[in-house]
Amino acid sequence: MKLIEELKWRGMIQDIMPGTEEQLAREMTSGYIGFDPTADSLHIGSLVPILLLVHLQRAGHKPVALVGGATGMVGDPSGKSEERNLLSEEVLSHNLAGVKKQLEKYLDFSPSLDNAAELVNNYDWFREMRFLDFIRDIGKHITVNYMSAKDSVKKRLEGENGMSFTEFTYQLVQGYDFYWLYSHKNCKLQMGGSDQWGNITTGTELIRRKSGGEAFAFTCPLLTKADGGKFGKTEKGNIWLDPAKTSPYEFYQFWVNASDADAQKWIRIFTFLDRVAIDTLITEHSRDAGARHLQKTLAREVTTFVHGDSGFQRALADTEKIFANQSAPAESLSEVDLQSLEGIARFDCPAERLKSGIDVVAFLAETGIIGSKGEARKLIQGGGISINRRKVEDLRQAIDTSLLLHGKYILVQKGKKNYYLVTVA
């Protein structure tokens, strides 16, 4: 199956420039995506662009991953309602190292390959460029009218906070990235999220006006959840690709708890299963949705891709320990089981505090599991809190040393999916 055809049935194409498919059929094409180093790890929102590069390489083309050492100092206004804090060179350097390390896990950089992946940093070509040279040699090719007509700019100019000159120049800086890669690396394709379309087309326009060349582009849709929630966000924050920030267990749980509607969409986007396998899974799921075969397959495939088989096996082991026999008392979990649970949040409580016992509301608030006593009361009254797998039904229930598992632990559950381990010492 041809690349664009493959990406279309997977739901990974939104905008595409005329001639892109023909260019990909004509020759091995270098295509790039930019990654913003705002943190030292990418999160699952970055998985779609990573997968686009993987699909590009699998189709015989050359993927180029650009880490924005220069653009990270400016800040992309696309999809933002206000200007973000700019990062120092020291923080950017640290973040860039982390992002590069992650990208090297997913793409093949073997020098023996004709289409070996390549990492570039736009700071390398902006470092020595003077401001006057940039506005003279680059800025004159793109009008303010053209830049202001872009949605990302228009929305900000019409908003309360306006837009700084720094952010306004971002699309020109990104456009120059594409021109530089076109001129120096024969890179003829840029990909990205649909919110990047305006910045990307500025690059193709700069290539046309400055060098008379022709470049191509396509974007993928921005992901949303069926319930309207933000993709990749939980109550704890981002789902990161770094296992030190989001454990394999937490990562696995995000995918296995997807709604039916989300799982049907995401399994096409985030796995490499073919159409027949996915259609079969969806059919099986429609016959027995309670078995959650679709979600379990999605979680297995994505967790293995990001964390390897060992990470998936750890996530599965933790899931089995916590969820396999929830009707069994928490005492059935061995101390080794409790100590080896990587994915659940951990809190501490002074042993002195439990000697005479404290009420469950104070316990939940003081350990930090629940943000306030008021919130803790509401959750208990709604049947949403369990201690050692036993539902709390009395706001005055005492938490004391008699509840300790193996003399030092208390297992707290909030709702159906959130577990917390309290160590008492």
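Helix H14 (residues 275-287) and helix H15 pack at an angle of about 140°, and their axes lie 8 Å apart. H14 and H15 are therefore oblique to each other. Let me give the terms at once. An axis is a line fitted to C-alpha atoms, for helices over the stretch in contact, and angles run from 0 to 180 degrees between N-to-C directions. Angles under 35 degrees count as roughly parallel, over 145 as roughly antiparallel, 65 to 115 as roughly perpendicular, and the rest as oblique. Helices (H or I, at least four residues) and strands (E, at least two) are DSSP runs, numbered from the N terminus.

Which residues make the contact between H14 and H15? H14 contributes Leu281, Ile282 and His285, and H15 contributes His293, Leu294, Gln295 and Thr297. Contact here means heavy atoms within 4.5 Å. The residues of this contact divide into 3 nonpolar, 4 polar and no charged. For these classes, Ala, Val, Leu, Ile, Met, Phe, Trp, Tyr, Cys and Pro count as nonpolar, Asp, Glu, Lys and Arg as charged, and the others, Gly among them, as polar.

The structure is predicted, with local features needing pLDDT of at least 70 and side-chain atom pairs counting only at pLDDT 80 or more, while totals for chains, interfaces and linings use all residues. Residues are numbered from 1 along each chain as its sequence is written, and side-chain values use heavy atoms, with hydrogens and water left out.

H15 (residues 293-323) also meets helix H3 (residues 47-58): their axes come within 13 Å and cross at roughly 80°. H3 and H15 are therefore roughly perpendicular to each other. Leu47, Ile50, Leu51 and Val54 of H3 touch Val302, Phe305 and Val306 of H15. This contact holds 7 nonpolar residues, no polar and no charged.

E1, H3 and E2 make a right-handed β-α-β unit. A crossover is right-handed if, with the strands pointing away from the viewer, the path from the first strand over the helix to the second runs clockwise. E1 and strand E2 (residues 62-67) run parallel and are joined by 6 bridges; two strands pair if DSSP finds at least two bridges between them. Within this pairing, Tyr32 has Val64 of E2 as its bridge partner. E1 also runs parallel to strand E4 (residues 187-193), through 3 bridges, and Gly31 stands opposite Leu189 in E4.

Is strand E1 largely enclosed or open? Of the 6 residues of E1 (residues 30-35), 5 are buried, so E1 is largely enclosed by the rest of the structure. Buried means under 20% relative accessible area, exposed over 50%, and partly exposed in between (1.4 Å probe, protein chains only).

I turn now to another sheet. An open sheet of 5 strands has the order E8-E14-E13-E10-E11, with mixed pairing. Its edge strands are E8 (345-349) and E11 (390-391), each pairing on one side only. Helix H18 (residues 360-367) packs on this sheet and touches E8, E10, E13 (409-414) and E14 (418-424), its direction making about 110° with that of E8.

Two single residues deserve a moment. Thr201 lies in helix H11 (residues 197-211) and, at 11% relative accessibility, counts as buried. Leaving aside neighbours within four places in sequence, Thr201 is in contact with Met17, Tyr146 and Lys150. Asp227 lies in the loop between strand E5 (216-220) and strand E6 (233-234) and, at 60% relative accessibility, counts as exposed. The C-alpha atoms of Asp227 and Asp262 are separated by 9.0 Å, although these residues are 35 residues apart along the chain.

Finally, the chain as a whole. The protein chain has 19 helices and 14 strands, and buried residues make up 50% of its 425 residues. Its C-alpha trace spans about 80 × 50 × 40 Å along the principal axes.
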